[in-house]
Amino acid sequence: MRRIMQDRFGGPEVLELREAEEPHAGPGEVRIRVESAALNPVDWKIFTGPGAERRGLVPPMGVGNDIAGTIDEVGDGVDGWVVGDRVFGSARTRALQDFTTVAPGRERLARIPDGLDAGVAASLVVAGRTAWDGVEQLLDRGGETIFINGAAGGVGQLAVQLAERKGARVIGSASERNADFLRSLGAEPVAYGDGLAERLEAMLPVDACFDCHGADGIAAALEVGVPIERCIAIAAKGAHGARGVAGDLERTGALDELARLAASGDLLVPVEARYPLERFREAYEHLMDGHVRGKLVIDLA
Ligand SMILES: NC(=O)c1ccc[n+]([C@@H]2O[C@H](COP(=O)([O-])OP(=O)(O)OC[C@H]3O[C@@H](n4cnc5c(N)ncnc54)[C@H](OP(=O)(O)O)[C@@H]3O)[C@@H](O)[C@H]2O)c1
């Protein structure tokens with residue numbers, strides 16, 4: 001099978017497309033024929049080194065996390081999953097390959113509802129559950145205003161819509177290129193960069209801040225009076241004392257609900273570009289440029 005692999009840390013140039021032995025489902029595992037994989041910044045934070053060291057990951061290893069496809073083998077001791085199930089979930093460092101194994105007891109796995117595209121389902125794994133948890137933690141009643149920094153990216157675009165579903169007014173930061181995109185999702189756009197706090201000041205009230213880009217959004221939110229308890233930072237963890245999202249969301253059923261909303265058209269999951277596996281390097285260069293609108297997907301089947 002084809003597999004993207006790395007023998008050392010570095011930029012996309014250290015990633016290689018290789019022929020590798022197919023994995024098989026061991027006890028407690030299922031094997032998935034991967035149709036699509038969605039990309040996340042954590043992929044490159046791992047393949048460049050810093051994110052790997054934190055997680056104890058050492059090359060040689062594969063790449064990526066978010067996958068969607070069809071179960072074609074079920075190992076001993078697995079209940080509730082059968083050959084032919086269309087699924088999406090997490091396969092850390094084992095996503096950009098034709099077949100992968102997932103242990104449903106330990107790793108996230110959910111069913112793809114009828115009619116939902118595999119690339120869209122894969123796009124929900126990390127970005128969807130992160131947006132879900134951030135919004136759940138920050139908004140407990142309707143009628144409040146949330147400021148989402150980096151609102152046009154993979155997490156941000158979903159957080160905008162989930163916050164609106166909870167009855168919030170949403171202010172989202174983006175570049176000028178994405179202002180209309182945010183308007184189309186129902187958010188009020190604001191430009192990031194110098195003067196952000198002054199621009200937010202003119203848009204008060206702001207009750208909560210979900211920073212999906214760095215620490216600047218938190219700093220601006222604090223300046224306009226948002227209490228730190230109502231701030232979450234996911235890209236610059238701990239920025240100004242803000243908390244992050246929870247890590248154990250597989251138990252919340254968030255993926256099932258996100259997939260249901262996406263399949264019914266109640267949650268849009270814009271994908272800016274799709275690449276065949278052979279163009280993995282170009283796809284990661286696009287992601288690392290830092291200005292993706294929505295998600296990037298790699299199609300394998
Ligand atoms: N569990 C976790 O803690 C967790 C989970 C998921 C993600 N994350 C982290 O959260 C961050 C966002 O993830 P993502 O998947 O949403 O990334 P992404 O899709 O790559 O985000 C791209 C977006 O960032 C925006 N952006 C670029 N420069 C900006 C700036 N100076 N200020 C505000 N926004 C800016 C871009 O908007 P324009 O194109 O308009 O410039 C673009 O839409 C990453 O660092 C990721 O690693 C953490």
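Which residues come nearest to the ligand?

1. **Nearest residues.** Lys45, Gly154, Ser175, Tyr192 and His291 come nearest, out of the 25 residues around the ligand. A residue counts as near a molecule when one of its heavy atoms lies within 4 Å of it.

2. **What you are looking at.** This is a predicted model, in which local features need pLDDT of at least 70 and side-chain atom pairs count only at pLDDT 80 or more, while totals for chains, interfaces and linings use all residues. Residues are numbered from 1 along each chain as its sequence is written, and side-chain values use heavy atoms, with hydrogens and water left out.

3. Val155 has a backbone N or O atom 2.9 Å from an oxygen atom of the ligand. For Gly153, a backbone N or O atom lies 3.2 Å from a ligand oxygen atom. Lys237 uses its side chain instead: a polar atom there lies 3.2 Å from an oxygen atom of the ligand. On its own the ligand has 940 Å² of accessible area, and the protein covers 87% of that; such areas come from the Shrake-Rupley method with a 1.4 Å probe, and for residues only the protein chains shown count as cover.

4. **Make-up of the shell.** Two or more residues of the shell around the ligand come from each of α1 (41-47), α4 (126-138), α5 (154-165) and β10 (169-174). Helices (H or I, at least four residues) and strands (E, at least two) are DSSP runs, numbered from the N terminus. By type, the shell holds 11 nonpolar, 12 polar and two charged residues. Here Ala, Val, Leu, Ile, Met, Phe, Trp, Tyr, Cys and Pro count as nonpolar, Asp, Glu, Lys and Arg as charged, and the others, Gly among them, as polar. Domain 1 (2-124 + 269-299) and domain 2 (127-241) each give at least three residues to the shell; these bounds come from an automatic or database domain assignment.

5. **The largest nonpolar core.** This core has 49 residues, of which Phe88, Leu124, Ile146, Ile148 and Phe210 touch the most other members. Elements that supply at least two residues each include α3 (118-123), β9 (145-149), β12 (208-211) and α9 (254-263). Both domain 1 and domain 2 contribute at least three residues to this core. A nonpolar core is a set of buried Ala, Val, Leu, Ile, Met, Phe, Trp, Tyr and Cys residues joined through side-chain atoms within 4.5 Å. Buried means under 20% relative accessible area, exposed over 50%, and partly exposed in between (1.4 Å probe, protein chains only).

6. **Asn40.** Is Asn40 buried or exposed? Asn40 is buried, at 4% relative accessible area, and sits in the loop between β3 (30-38) and α1. Its side chain makes a polar contact with that of Lys295 at 2.8 Å. A polar contact is a pair of N or O atoms within 3.5 Å; within protein, one must be able to donate a hydrogen and the other to accept it, and residues adjacent in sequence count only if both atoms are side-chain atoms.

7. **Backbone points to check.** Pro59 and Pro60 are joined by a cis peptide bond, with omega about 5 degrees. Another cis peptide bond joins Leu204 and Pro205, where omega is about 10 degrees. Thr93, a residue other than glycine, has a positive phi near 65 degrees and is buried at 11% relative accessible area.
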